[in-house]
Amino acid sequence: MSKQHVVVVGAGVIGLSCALELQKAGYHVTIVARDFPGPFETMDPLEKINYTSPWGGAHNRWVPFHPSLPAHLCRDHYLSVRTWERMASLYSAHPHTAGITFLMGIEYFEDPGPEYLAIKAGLDAMARRPYPSYGDEEEQQASDFLASLPSAALTRDGRYLTRDGSYPTILNVLHPGNPPLDDRIRFGFEYQTWCVNPMVYLCFLLRRFTLAGGKLVHRTLASLEEVFSLFPSAQPDGSSDTAGPVVAVVNASGTGIVPDPSMTISRGQTVLVAEDIVHLKPGNPTGSGTAPNVREDVTVTRQNADGTWSFVIPRGFDGGTIVGGTKEVGNWDPAPSRETRERLLRDVEKTHLTVRRPEEQEGFTVLRDIVGRRPLRLDGPRIEGENIAGKGFVMHAYGMGGRGYELSWGVAEKVVEKVKCHVRNMNVRESEGVADEPRGA
């Protein structure tokens, strides 16, 4: 029996992840896309401004769920956990080729929102007693959040997440003055996380896809219905299409292509610099005297009191460092702002990191100002299926905003789960002689 054919629309991080996961599930997969990954050095930032994935940082941050926040953030958190676990597996198997780096993530907050205040209050309460007090709502929320994180993630002192009834210790909480920071920081924590060099990682995924037999079609689509016409079940001479009829289309186009009033973009401007930006931590003394500081790669995110964010993301693999960044919903301006660049580079000082450069050098070596348009769905990413009357089944997976990398493998697993469910139902209907319904979830 020939493999069933699934077409993925889009070759960003979501599309490539979905395509690989569908291959793993046994489907024949074709990717149809306007843009495909390539070397960063040769990619035109203006021409490819709408191809979001190459312009990412990209790193993982834990975003706590909270009753006051949109419900999709709880779902998205679990998608990010699955992605963390898959990134760890890929890094373990391909440490020198995947473009993934594991390192410490540090976060500082000047004006933490309710989700972070609840975590802080819960962690403070947990620190005062050895076992949970289940009557304390914030303590329970903090405990639930920590228990949801990957058990392999380590804090700086090497403690593991525990599930034996005692408190999980996956986050190392940073209080003002410990370590010494500045008086604007109200809360902070650190944890083990990952960063990727987007161009290296995307090309790695694309290479794995094609080596496994995946097919590529370079095409700008006007609609999703067009996909079904590209792959008819029979050729003019009556022979079958070698790829087989399309049983599902995965819409990983970023913007969605379909009419969706919830869709907009979030403009992000960052700066790529050549210098490594590192964290200095005290060394372990041996014998008498004080050990020299140890330089370590970290990714740091700081929430500023005015609502802006400062972050530093090492790309690894000789890819420089991303300094960011802005989140401008609905701003379509393609031109980078010199003023924004200068502010972002000044704000590096806020991250309490050290720039690794020759003593005689001042400032940064700016390689590129980056402007990307992150496809943002205001109601949260759309991850659901739809039957298009007269055409077939479409599995939507778009609108991730700036969290495409963070959610990618979790989304891919959901997509495969839904496609498998559709194919099972389709087979049952065919065996019973029942026609497809015009629409469905």
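Author: Helices H1 and H5 cross in a left-handed way. Left-handed means that the near helix is turned anticlockwise from the far one by less than a right angle; clockwise would be right-handed. Helices (H or I, at least four residues) and strands (E, at least two) are DSSP runs, numbered from the N terminus. This is a predicted model: local features need pLDDT of at least 70, side-chain atom pairs count only at pLDDT 80 or more, and totals for chains, interfaces and linings use all residues. Residues are numbered from 1 along each chain as its sequence is written, and side-chain values use heavy atoms, with hydrogens and water left out.

Reader: At what angle do H1 and H5 pack, and how far apart are their axes?

Author: Two packed helices are described by the angle between their axes and the distance between the axes. Here H1 and H5 pack at about 30°, with axes 10 Å apart. Axes are lines fitted to C-alpha atoms, for helices over the stretch in contact, and angles run from 0 to 180 degrees between N-to-C directions. H1 and H5 are therefore roughly parallel. The cut-offs: under 35 degrees is roughly parallel, over 145 roughly antiparallel, 65 to 115 roughly perpendicular, and the rest oblique.

Reader: Which residues in H1 and H5 meet?

Author: Contact means heavy atoms within 4.5 Å. From H1, the residues are Val13, Leu16, Ser17, Ala19, Leu20 and Gln23. From H5, they are Tyr201, Leu202, Leu205, Leu206, Arg208 and Phe209.

Reader: What is the strand order in the open sheet?

Author: Two strands pair if DSSP finds at least two bridges between them. The open sheet of 6 strands runs S6-S2-S1-S7-S17-S16, with mixed pairing. S6 (215-218) and S16 (382-388) are the edges; each has a single partner strand, so one side of each lacks a neighbour in the sheet. Neighbouring strands are turned by 20° against each other on average, direction ignored.

Reader: How many bridges join S16 to S17?

Author: There are 7, and the two strands run antiparallel. One of the partners is Met395 in S17, bridged to Gly385.

Reader: Is His422 buried or exposed?

Author: Buried means under 20% relative accessible area, exposed over 50%, and partly exposed in between (1.4 Å probe, protein chains only). His422 is buried, because its relative accessibility is 6%. His422 sits in helix H8 (residues 404-432). Leaving aside neighbours within four places in sequence, His422 contacts Val247, Asn387, Phe393 and Arg429. Of the 441 residues of the protein, 54% count as buried.

Reader: Where are the cis peptide bonds and the positive phi values?

Author: Most residues other than glycine have a negative phi, and most peptide bonds are trans. A cis bond joins Gly57 and Ala58, with omega about -5°. Ala58 lies in the loop between S2 and helix H2 (72-93). Gly324 to Gly325 is also cis, with omega near -15°.

Ile257, not a glycine, has a positive phi of about 65°. Ile257 is in the loop between S7 and strand S8 (263-273), and is partly exposed at 29% relative accessibility. Asp318 has a positive phi of about 55°. Asp318 is in the loop between S11 (309-314) and S12, and is exposed at 85%.
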